[in-house]
Amino acid sequence: MRVICDLHLHSRYSLATSKSLDLRSLADGAKQVGIDLLAAPDFTHPHWREEMRSELVETQYGSGVFTTRGRNFVLMSEVSCIWRQDGQSRRVHILIAAPSFEAVDKMSTKFAKLQNLESDGRPIFKISARELFEIVRDADPRCELIPAHVFTPWYGVFGAKSGFDSLGECFGDYADEIPAVETGLSSDPSMHWSVPDSRARAIVSFSDAHSVASLGREATVLEIRELSYESVISALRGRDVVETYEFHPEHGKYHLDGHRKCGVRMHPDASDELGGVCPNCLRGMTLGVLNRTRAISDGPRVGAVKDATGQWEDPLDVHPPYRHLVPLNEILAYTLDVGKSTKRVMSVYSELTDAFGNEFSVLLSPPESEITTVTKRDDVARAIINARFGNVELDAGYDGVFGSAIPRVIE
């Protein structure tokens, strides 16, 4: 059974998130995008956890999969760990997967002694990743930890600002228990293939959505035996990733090196020559994701060829394929020259998703002629097709500034 998963999300109880993020909006949004399995996120927050417990129904006793409004959920939440190690401040975001509310209750009892869990759906714990692992596994040995957006400068386990060069440095003797790493928006799987700790595990991509509009901007297709928590974890441990849907890495906000305040952006080759120092203010630049993948690689970057279907392929090993996607609302906004949240964009978006089933289907399947028939616009159809095949103009993000991936309307 193949399921499209988005397992890194947030609720309205996390800081800097949409106040409309509840289970209803997550389920309805997932249906419109084409997501089969979602995270039931922010489960450490006591009020939200009770809300989820009352609304979610377990599909089968002990399955660890819960449902509401026709969508399925597994308990998976992001937390932040901040601690000092080897004379340096460490800040790492980690996803916790749990098989039951009982497991979540047990770990939350301990978490409540570290932090006021009502203050943020993504709590900050002043403990090491290794200590977090012990608390989570003590709650239930079936719980799992997945480092989130691993190369992000701030809060990525490999990030330039506060991360490590290996999972062993971060998790110690528990490193072998980590089943997967999450790419984040500013990298794609090919940027992980020459990094030992990434390529030895499942490489997954999720949206880290702070609003419904961001659902599915990245997703992972898994092959599972049955719809259960155990099968999902088994697929991750077995690296049964069919494919992933990816942001163009340049589209993310930490791809290149730079300094936002000075408007300075550059490729790692250039910043290396400057010692990572901003040429305008002489302060340290934020070293981006591309820089870090190069720094901890054990060889030349691989994956720089495409197969006959246009997918990236590693000539030295076998990796699951992936697809670069541009969110449909962004394609429409670029083409119609209006804001991506406008009624005009939403109207055309609904026309397309109603006609073809969901957003992923629109982006991946119908021929140009059928899109034109629905929208009555050649430019919209051409933009969708060009985005599908990577015919886009890229402007790379840096130091917290999102980049862009604009599909060409005319070839």
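## A tour of the predicted model

The accessible surface of the protein comes to about 17000 Å², and carbon and sulfur atoms hold 49% of that. Accessible areas come from the Shrake-Rupley method with a 1.4 Å probe, and for residues only the protein chains shown count as cover. This is a predicted model: local features need pLDDT of at least 70, side-chain atom pairs count only at pLDDT 80 or more, and totals for chains, interfaces and linings use all residues. Residues are numbered from 1 along each chain as its sequence is written, and side-chain values use heavy atoms, with hydrogens and water left out.

**Stop 1: the whole chain.** Show the cartoon. The secondary structure comes to 14 helices and 19 strands. The radius of gyration is 21 Å, close to the 22 Å that the globule rule gives for 411 residues, so the protein is as compact as a globular protein of that length. That radius is taken over C-alpha atoms, and the rule is 2.2 Å times the number of residues to the power 0.38. Helices (H or I, at least four residues) and strands (E, at least two) are DSSP runs, numbered from the N terminus.

Along the principal axes, the C-alpha atoms fill a box of roughly 60 × 55 × 40 Å. Of the 411 residues, 58% count as buried. Buried means under 20% relative accessible area, exposed over 50%, and partly exposed in between (1.4 Å probe, protein chains only). Among contacts between residues at least 6 apart in sequence, 65% join residues at least 24 apart. Contact means heavy atoms within 4.5 Å.

**Stop 2: Ala16.** Select the loop between β1 (2-6) and α1 (23-33); Ala16 is there. Its phi is near 60°, a positive value in a residue other than glycine. Ala16 is exposed, with a relative accessible area of 72%.

**Stop 3: Leu282.** Go to the loop between α8 (268-273) and α9 (289-295), where Leu282 lies. Leu282 is not a glycine, yet has a positive phi of about 65°. Is Leu282 buried or exposed? At 64% relative accessibility, Leu282 counts as exposed.

**Stop 4: Pro189.** Select the loop between β9 (180-182) and α6 (196-199) and find Pro189. Pro189 is buried, at 5% relative accessible area. Now show what Pro189 touches: Thr183, Ile203, Thr244, Glu246 and Tyr322, not counting residues up to four places away in sequence.

**Stop 5: helix α13.** Select residues 368-375. Ile371, Thr372 and Thr375 of α13 are buried. Seen down the axis of α13, the buried residues fall within an arc of 100°, so they line one face of the helix. The arc is that of the directions from the helix axis to the C-beta atoms. Turn to the face away from the buried side of α13: Ser369 and Thr373 are exposed there. The cover over the buried residues includes α11 (343-356) and α14 (378-388).

**Stop 6: Arg388.** Move to helix α14 and select Arg388. Arg388 is buried, with a relative accessible area of 18%. Which residues is Arg388 in contact with, leaving aside neighbours within four places in sequence? They are Val362, Leu363, Leu364, Ser365, Pro366 and Ile371. Ile371 is also one of the buried residues of α13.
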